[in-house]
Amino acid sequence: MGDSRTRRRGEELIKAIHDAALEEVLEVGAGRLTMDGIARRAATPRTTLYRRWSDPIEVLLDALYHQHPVEEPTPGADDLRGDLIRALRLMVEWAFSPAGRAVAAILTDPRSVALMSDALFERVFAGRGGTFTRTVLEHYAERGHFPAELLTPVVADIGEALVTKRLIDAGAPPTDEDLAAIVDQAILPAIGLGPRA
């Protein structure tokens, strides 16, 4: 273990600490997260963590921020439907990742929610584009594909809300057909477009 402490540096060490914070929060919850627990799991001295972060919640927020994906619209802005489906697929993949599972654990634990809900939304989700379709929708609205005023907070949340419902109801990832149905039957009509836009 001593060797791994001296060899890991830079991004490799940060990733190990991030991974440890996500694993630790799944096991103990945000309210019982400690620098000692994260350091032990990352096999690094606690002082290493304090050089970069002031407390364990800061470590966790940093880990969640860096492991939260951001959808990337097609550069030519010519495939709104496909980009929306890809954004929702990205959400599904993230939901089953360590970061997605950690967020689910935080949001379903009353103590954890009280401790870090605001910071989670302000410093992770907002900083990484908000909902999983917002970046795509803003990209296309800015390029005149639909009126920007139709992109309300409710519309921006439709895809994410429906995917979350499918995950809860089925306990399994939605299929690509499910994601296409969400786009065709909910998101595109909400911005005044039919399917295959």
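**Exercise 1. How many aromatic pairs does the ring-pair rule count here?**

Before starting: this is a predicted model, with local features needing pLDDT of at least 70 and side-chain atom pairs pLDDT 80 or more, while totals for chains, interfaces and linings use all residues. Residues are numbered from 1 along each chain as its sequence is written, and side-chain values use heavy atoms, leaving out hydrogens and water.

*Solution.* Step one is the rule: rings of Phe, Tyr and Trp (its six-membered ring) pair if their centres lie within 6.5 Å; planes under 30 degrees apart are stacked, over 60 edge-to-face, and the rest tilted. The count comes to three aromatic pairs.

Step two, take Trp94 and Phe132: their ring centres sit 5.5 Å apart with planes at 45 degrees, so this pair is tilted. It ties together distant parts of the chain, 38 residues apart: Trp94 lies in helix α6 (residues 80–95), Phe132 in the loop between α8 (110–125) and α9 (134–142). (Helices are DSSP runs of H or I, at least four residues, numbered from the N terminus.)

Step three, check burial, where buried means under 20% relative accessible area, exposed over 50%, and partly exposed in between (1.4 Å probe, protein chains only). Trp94 is buried at 11%, and Phe132 is buried at 3%.

Step four, Phe121 and Phe125: an edge-to-face pair, 4.9 Å centre to centre with 80 degrees between the planes. They are four residues apart in helix α8, so about one helical turn separates them. Phe121 is partly exposed at 41%, whereas Phe125 is buried at 12%.

Finally, ring pairs join Trp94, Phe121, Phe125 and Phe132 into a cluster.

**Exercise 2. Work out how α10 packs on α11.**

*Solution.* Start with the axes, which are lines fitted to C-alpha atoms over the stretch in contact, with angles from 0 to 180 degrees between N-to-C directions. Those of α10 (residues 153–170) and α11 (residues 176–190) come within 10 Å and cross at roughly 150 degrees. That makes α10 roughly antiparallel to α11 (angles under 35 degrees are roughly parallel, over 145 roughly antiparallel, 65 to 115 roughly perpendicular, the rest oblique).

Next, list the contact, meaning heavy atoms within 4.5 Å. From α10 come Val155, Ile158, Gly159, Leu162, Val163 and Arg166; from α11, Asp178, Leu179, Ile182, Ala186, Ile187 and Ala190.

**Exercise 3. Which residues of α9 are buried?**

*Solution.* They are Val136, Leu137, His139, Tyr140 and Ala141. Their cover includes α6, α10 and α11. After α9 comes Gly144, with a positive phi near 80 degrees.

Notes. Helices (H or I, at least four residues) and strands (E, at least two) are DSSP runs, numbered from the N terminus.
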